[in-house]
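Dear colleague,

I am passing on the structure we spoke about, with the sequence alongside. Please keep it open while you read the notes below.

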Amino acid sequence: MTHIYSTHRDKIPVSERTLYRYIDAGMLGVGNLDLRRKVSYRQRRKQKKAIDTITNKKFRETRTYEDFLA
């Protein structure tokens, strides 16, 4: 796919990433099995969202170390 895109870049009006998105969406007659590297690579994991209680520290404002010891 990369070689085809680099050779015919002037004839293809979209970027290489957009071509891969079109293939994933099934808009082109090419499937993922036709792309050698696409099949061999695993998809990356998505980042997990931060838990609101960890980022929100307002609940700690009234607490002190003495409260923890008690």
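I begin with Val-30, which is partly exposed, its relative accessible area being 34%; here buried means under 20% relative accessible area, exposed over 50% and partly exposed in between, with a 1.4 Å probe and protein chains only. Val-30 lies in the loop between helix 2 and helix 3 (36-40), where helices (H or I, at least four residues) and strands (E, at least two) are DSSP runs numbered from the N terminus.

Before going further, please note that this is a predicted model, in which local features need pLDDT of at least 70 and side-chain atom pairs count only at pLDDT 80 or more, while totals for chains, interfaces and linings use all residues. Residues are numbered from 1 along each chain as its sequence is written, and side-chain values use heavy atoms, with hydrogens and water left out.

On confidence, the protein has a mean pLDDT (the predictor's confidence in each residue, from 0 to 100) of 76, and 80% of its residues reach 70 or more. Where pLDDT is low, the predicted coordinates should not be read in detail.

As for the overall fold, the protein has five helices and zero strands. Of its 70 residues, 7% are buried, and its accessible surface (Shrake-Rupley method, 1.4 Å probe; for residues, only the protein chains shown count as cover) comes to about 7,300 Å², with 53% of this belonging to carbon and sulfur atoms.

Helix 2 (residues 16-25) holds the buried residues Leu-19, Tyr-20 and Ile-23. These three lie on the same side of helix 2 because they cover an arc of only 100° around the axis, the arc being that of the directions from the helix axis to the C-beta atoms. On the face turned away from this buried side, helix 2 carries the exposed residues Arg-21 and Ala-25. Leu-19 has a relative accessibility of 11%, and its C-alpha is 9.0 Å from that of Tyr-5, 14 residues away in sequence. Just after helix 2, Gly-26 takes a positive phi of about 80°.

To return to Val-30, its contacts (heavy atoms within 4.5 Å), leaving aside neighbours within four places in sequence, are with Ile-23 and Leu-35.
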